[in-house]
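Try each task before you read the solution.

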Amino acid sequence: MKQFLTILLLLIFPILLFAQDGKSKVTAIELLQMEESAAFNTIGKLSKEDAAELITQVRGTARKEYAQVDKFYLLISHLESIKAIEEEQARLRSLNLVYGLGLILVLGLLGYILYSQRKTIQNLNQLLK
């Protein structure tokens, strides 16, 4: 029975993999004609390779109507990368603040422990005298 299930799974698994590849991919024209919310949902589900292919298709179709689309695309991608860098720097500043506060707390705890040990040692020395 186990062998039958194993063979059945080995036969069905490649079929399922090929069935997923057979899904129709969205073309640039379909994406441009979609409503905004549906387009955002579709774009959110794309893999990196599919997104790169779609960008190439959109640029190709837009080049027919607007010859300067490559400059426009370069400008938009550059501005988006600048925005992403600024957001990342803000996150890093916040992270540095968290690390600084953590360091202050650890140093405070260490100082308290050293003070407490020193006071305990002085008390023991007074009791032993």
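A salt bridge is a side-chain nitrogen of Lys or Arg within 4 Å of a carboxyl oxygen of Asp or Glu. Keep that rule handy, and keep in mind that this is a predicted model.

**Exercise 1. Find how many salt bridges the rule gives, and say which side chains meet.**

Step 1: Apply the rule, and the count comes to one salt bridge.
Step 2: Look at Glu-88 and Arg-91, whose side chains meet with 3.3 Å from N to O. The cut-off is 4 Å, so the pair passes.
Step 3: Now place the two partners. Glu-88 and Arg-91 are three residues apart in helix H5, so about one helical turn separates them.
Step 4: Arg-91 counts as exposed because its relative accessibility is 52% and the exposed class starts over 50%. Glu-88, with a relative accessible area of 38%, is only partly exposed.
As a general point, side chains of opposite charge can pair when their charged atoms come close.

**Exercise 2. Work out whether Thr-42 is buried or exposed, and list what it touches.**

Step 1: Find Thr-42 in helix H3, which covers residues 36-44.
Step 2: Its relative accessible area is 17%. Buried means under 20%, so Thr-42 is buried.
Step 3: Skip the neighbours within four places in sequence, and Thr-42 is in contact with Val-26, Leu-31 and Met-34.

**Exercise 3. Name the residues that make the nonpolar surface patch, and classify Leu-95.**

Step 1: The patch is made by Leu-92, Leu-95, Val-98 and Tyr-99, and has about 400 Å² of surface.
Step 2: Leu-95 sits in helix H5. With a relative accessible area of 38%, Leu-95 is partly exposed.

**Exercise 4. Describe the overall layout, and say where confidence is lowest and highest.**

Step 1: Count the elements: five helices and zero strands. Read from the N terminus, they run α-α-α-α-α.
Step 2: The average pLDDT is 84, and 84% of the residues score at least 70.
Step 3: Confidence is lowest in helix H1 (residues 2-21), with a mean of 62, and highest in helix H5 (residues 69-128), at 93.

Definitions and conventions: Residues are numbered from 1 along each chain as its sequence is written. This is a predicted model: local features need pLDDT of at least 70, side-chain atom pairs count only at pLDDT 80 or more; totals for chains, interfaces and linings use all residues. Side-chain values use heavy atoms; hydrogens and water are left out. pLDDT is the predictor's confidence in each residue, from 0 to 100. Helices (H or I, at least four residues) and strands (E, at least two) are DSSP runs, numbered from the N terminus. Buried means under 20% relative accessible area, exposed over 50%, partly exposed in between (1.4 Å probe, protein chains only). Contact means heavy atoms within 4.5 Å. Patches are made of residues with over 30% relative accessible area and no salt bridge: like charges are joined within 9 Å, nonpolar side chains (Val, Leu, Ile, Met, Phe, Trp, Tyr) within 5 Å. Accessible areas come from the Shrake-Rupley method with a 1.4 Å probe; for residues, only the protein chains shown count as cover.
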